[in-house]
Structure formats: C-alpha cells, structure tokens
Amino acid sequence: AARFGYELTIDVVGDGTVRVDPPGRDCGPDAQCVETFGANQQVMLTASANTGAVFTGWTGACSGMGVCMVTLDRALSVGAGFSYEVEQAVTGGAATLNRAPAGVDCDPARITCQAHPPATALTINAAPAAGASVIEWQGCDTTNGNQCSLEVQQATTVTAVVGFPLDLAIVGQGTVDFSVPGIGTCGASSNVACVAAYAAGTTVRLTATPAAGYAFRELTGCA
C-alpha cells in the first residue's frame, strides 16, 4: 500500500537551534530543515538560543515563545527567530547612550543589553556630561563623533570612552612632553598647538623643553 505524509519545513534564523521531536534531531543555527511525517502526526518543537543570543519567537504555524506543538494534517512551515545580544557600556566619564532601532531586552536584570536580529543596522548615540566628549568608541564598524554605527552579525559589546579635552597652545618654539599620551593630535610630545583627550581623573604631567636660543617662560593652566 502506498503511504503519503506531509512535510514540515523549519526555518531557523540566527544563532540557535530547534529540537524536532520526533525524531529527536536539531535544526540550526541559520538553517532550513524539512522533515516528513505521517498524516496527523503530532510534533513538538523546542527552541534553544546559543550563548550570546535570545530567542524572539515563532512564526508560521506556531506563535509565541513557548514549546511549539503542530499536527501534520497538511504541509506546514514554522520559523524560529534568534537575535544577537548587544551590550552597551560607558567608561572614563558619564554619558547617556541611546540606540536605534530598539531591540528586545536580553534579560530584565541587564538593563544595558538589548538583542537585535542578524544584519540589523544599529546606531548608538552618546550624550556625554557637560564639558566631556566621546574620545573613543569600541565595538563599532564606523564612528562619527558621539555616534557609533554597526551591522549586528554576532553578540558584541559597544563601549563609549568618555573624557575631557586638553588644549595645548605653544607660544614661541619648543616641545611639550606628555607623561600620558592622550587620544587626539598631541601624541607623546608636540611642538605645535594640539588637542589630547583623557578619561576623567587622569593625571598628566607636562614637561616643556625650549628650542635652541629660546628660554622657557611659563606653563599656564596647570593645577
């Protein structure tokens, strides 16, 4: 006798797996799997996110966030979505970070983490405290001042390093050495006007050396 069944198509998007029971096989991550079952066979699907990912729900023949139960009385398709965790952090000083688009919460206890689907074009904007600025971004694809942009392709942490600028002006000819090189145009020493930025609380010692034929007069603006 000829026996016919129905196909169950499972699409897994992102970094996670779906356990298909029966037969007890896993599908994913980022995969499409097709299983064939007898008519009216009941199948249980269970989604599990890998480390750094968040399960965001079912689509197709199932919905919601729990275990998916389907009965194969016809061909069915089920989708399982997983998003990547993007943590945001601020070091060096104070700043508020806002992201667009908004994601889903990674965990109620992790207020600085949201998860985004793969390939999301994410922008994070920083609003530093008065007198401060973002002197460095970490974890971005591109940056522009107080703005960070990235395409979400994995779990990651984006950090805004906030600091304060030190503007150096040189009158006459000579070189000023910095005990701690900052972020900017000064480097470890400079003989021209430049800007160096430092995290809050950084102690910097400046040493002035006059050029030949010049005498050091004063260094203003120091504590």
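Two strands are counted as paired if DSSP finds at least two bridges between them. In this predicted model, strand β2 and strand β3 (residues 25-27) meet that condition, being joined by three bridges in an antiparallel arrangement. Within this pairing, V18 has C27 of β3 as its bridge partner. The two strands make up a hairpin whose connection holds three residues. In that turn, G24 adopts a positive phi of about 90°.

Strand β2 (residues 16-21) also pairs with strand β5 (residues 41-49), again in the antiparallel sense, and here the bridges number six. One of the positions concerned is V20, which stands opposite L45 in β5.

## The open sheet β9-β12-β15-β14

A separate heading is given to an open sheet of four strands, which follow the order β9-β12-β15-β14 with antiparallel pairing. Its edges are formed by β9 (95-100) and β14 (142-144), each of which pairs on one side only. On average, neighbouring strands of the sheet are turned by 20° against each other, direction ignored.

Inside this order, β12 and strand β15 (residues 147-151) are connected through five bridges and run antiparallel. N125 is bridged to Q147 in β15.

T120 belongs to the loop that links β11 (113-116) with β12 (121-128). Is this residue buried or exposed? T120 has a relative accessible area of 13%; because buried means under 20%, T120 is classed as buried.

A polar atom of the T120 side chain lies 2.7 Å from the backbone oxygen of P117. When neighbours within four places in sequence are left aside, the contacts of T120 are P101, L150, E151 and V152. Of these contacts, L150 and E151 fall within the residue range of β15, 147-151.

## Overall dimensions and composition

The protein contains 21 strands and zero helices. Its radius of gyration is 28 Å, whereas a compact globule of 223 residues would have a value near 17 Å. Taken along the principal axes, the box filled by the C-alpha atoms is roughly 105 × 30 × 20 Å.

Of the 223 residues, 33% count as buried. Considering contacts between residues at least 6 apart in sequence, 57% join residues at least 24 apart.

Note on methods
Residues are numbered from 1 along each chain as its sequence is written. This is a predicted model: local features need pLDDT of at least 70, side-chain atom pairs count only at pLDDT 80 or more; totals for chains, interfaces and linings use all residues. Side-chain values use heavy atoms; hydrogens and water are left out. Buried means under 20% relative accessible area, exposed over 50%, partly exposed in between (1.4 Å probe, protein chains only). A polar contact is a pair of N or O atoms within 3.5 Å; within protein, one must be able to donate a hydrogen and the other to accept it, and residues adjacent in sequence count only if both atoms are side-chain atoms. Contact means heavy atoms within 4.5 Å. Axes are lines fitted to C-alpha atoms, for helices over the stretch in contact, and angles run from 0 to 180 degrees between N-to-C directions. The radius of gyration is taken over C-alpha atoms; the globule rule is 2.2 Å times the number of residues to the power 0.38.
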